[in-house]
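Work through the following exercises with the sequence and the model at hand, trying each task before reading its solution.

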Amino acid sequence: DNLFEGTTLFAPCMGWNAYQLGFYSATNTTWSHFISTDVIPEVVQNGRDLHELWEEQKSNIFGNGKTVDLYCCPSEQLNTRHNFVGKYVNQVDAVLFSPPYYDLEIYDSPEQSVVSYPEYQDWLRGYWEETVKLCSEVLRPGGRFAFVISDYRNKQGENITISTDMRDIVSKHLKQIDAYKVQWSVIKTKRQAHKTRNGNFEDLWLFEKS
């Protein structure tokens, strides 16, 4: 509510359905249309099941007027497979998500971005920049684009400057207007996410379409 305004939100990956749940909980705002995609079929199905549950309960708990469009497709291929730009050009008010961490978190999907683009520079160009260009085309003028990410050390001990690398690519297509540090709290366990072990924070980069 502090950084975005509008009715239509696009999340280019589903984040285990967290963004969709947040969209439903925003009951006192104007957000009414959620668009998202993911490469894990079970996650997409979970999103469809969530919406069915919301439809059943909305009059009792949530109120009316929220719709979702969910796709099982790599974000960089949405336009090729689904004419995504033709459907949504200049209609999206905000893009907000935490993109994949290249090769840090690999899940069970043959279409995961690191499977399609195993080399880092190819991944930046083939997955990330193509996704950014798609988002730029569907954003309305004045619409905002934000993503959450942080640098990390890979399994080979190399420092991956993924946050600034991805920021620089977005800056080629959209105007950066701000940056934030997001501090997360977490219970420390043996299963703590690798990306948070060197400091439990991530960068939030905020851009706007001219």
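**Exercise 1: aromatic pairs**

The count comes to 20 aromatic pairs, where rings of Phe, Tyr and Trp (its six-membered ring) pair if their centres lie within 6.5 Å, planes under 30 degrees apart being stacked, over 60 edge-to-face and the rest tilted. This is a predicted model, in which local features need pLDDT of at least 70 and side-chain atom pairs count only at pLDDT 80 or more, while totals for chains, interfaces and linings use all residues. Residues are numbered from 1 along each chain as its sequence is written, and side-chain values use heavy atoms, with hydrogens and water left out.

Task: classify the pair of tryptophan 16 and tyrosine 107, and state which parts of the chain the pair ties together.

Solution. Begin with the geometry: the ring centres of tryptophan 16 and tyrosine 107 are 5.2 Å apart and the planes stand at 85°, so the pair is edge-to-face. Next, locate the partners, using helices (H or I, at least four residues) and strands (E, at least two) as DSSP runs numbered from the N terminus. Tryptophan 16 is in the loop between β1 (8-11) and α1 (18-25), and tyrosine 107 is in the loop between β4 (92-97) and α5 (113-116), so the pair ties together parts that are 91 residues apart in sequence. Finally, consider accessibility, where buried means under 20% relative accessible area, exposed over 50% and partly exposed in between (1.4 Å probe, protein chains only). Tryptophan 16 is exposed at 52%, and tyrosine 107 is partly exposed at 35%.

**Exercise 2: cysteines**

Task: how many disulfides are there, and what is the sulfur distance from cysteine 73 to the closest cysteine sulfur?

Solution. Apply the cut-off, a pair of cysteine sulfur atoms within 2.5 Å; the count comes to zero disulfides. For cysteine 73, the closest cysteine sulfur belongs to cysteine 72 and is 7.9 Å away, too far for a bond. Cysteine 73 is itself buried, with a relative accessible area of 1%, and cysteine 135 is buried at 0%.
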